[in-house]
Amino acid sequence: MKRFISQYKFTILSVILVLIGIMMPGDDVPSVGIPHLDKVVHCSMFGFVTVCFYWDYLKAERKMPHLIYTIICIMIFGALTEVIQMYVPGRSCDYRDLIADTIGILLATAISRWIVKKGIVK
């Protein structure tokens, strides 16, 4: 278990940060008055989780993770966070957030794979 935690420390940390963010009561989430900014935040959070996972996996396994499994697993995590939000005061489950999560996952996957393909990170 120690080995797993040390190999996937950035992924674990990013997941914890996302969980902290989505479990904040609605009244504690700052409002900046920019329409749909929360969708950009969702896209960024799940893109960050995805990049962290790719980085950790690549370092641990010396190869890229399976494309479809990676996308599906992180999308499931995104769906679970939406379900969790149904039980957080002032928050709700929103399919548009899940779409934003998925866009972040797909963008981060494309960028991560491109970076590895170009040999920028090995």
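## Aromatic cluster

In this predicted model, ring pairs tie Phe4, Tyr8, Phe53, Tyr54 and Tyr57 together into a cluster. The structure has five aromatic pairs. Take tyrosine 8 and phenylalanine 53: their ring centres sit 6.2 Å apart and their planes meet at 20 degrees, so this pair counts as stacked, the cut-off being under 30 degrees. Tyrosine 8 comes from the loop between helix 1 (2–7) and helix 2, while phenylalanine 53 belongs to helix 3, so the pair ties together parts that are 45 residues apart in sequence.

Tyrosine 8 is also buried, with a relative accessible area of 8%.

## A charge over a ring

Elsewhere, arginine 96 lies over the face of tyrosine 95, at 5.9 Å from the ring centre.

## Nonpolar core

The largest nonpolar core is made up of nine residues: Val18, Ile22, Met45, Phe46, Val49, Ile71, Ile74, Phe77 and Ile105.

## Largest pocket

The largest pocket has a volume of about 590 Å³, and 23 residues line it. Val29, Pro30, Asp38, Val41 and Arg91 are the ones that lie nearest its centre.

Which elements give two or more residues to the lining? Those are helix 2 and helix 3, and helix 3 gives the most, with five residues.

Technical notes
Residues are numbered from 1 along each chain as its sequence is written. This is a predicted model: local features need pLDDT of at least 70, side-chain atom pairs count only at pLDDT 80 or more; totals for chains, interfaces and linings use all residues. Side-chain values use heavy atoms; hydrogens and water are left out. A nonpolar core is a set of buried Ala, Val, Leu, Ile, Met, Phe, Trp, Tyr and Cys residues joined through side-chain atoms within 4.5 Å. Buried means under 20% relative accessible area, exposed over 50%, partly exposed in between (1.4 Å probe, protein chains only). Rings of Phe, Tyr and Trp (its six-membered ring) pair if their centres lie within 6.5 Å; planes under 30 degrees apart count as stacked, over 60 as edge-to-face and the rest as tilted. Helices (H or I, at least four residues) and strands (E, at least two) are DSSP runs, numbered from the N terminus. A charge sits over a ring if NZ of Lys or CZ of Arg is within 6 Å of the ring centre and within 35 degrees of the ring normal. On a 1 Å grid over the protein atoms alone, a cavity is a set of points where a 1.4 Å probe fits but cannot get out, and a pocket is an open set with protein on both sides within 12 Å along at least five of seven lines; lining residues have an atom within 4 Å of a point. Grid points are joined across faces, edges and corners, and a volume is the space filled by probe spheres set on the points.
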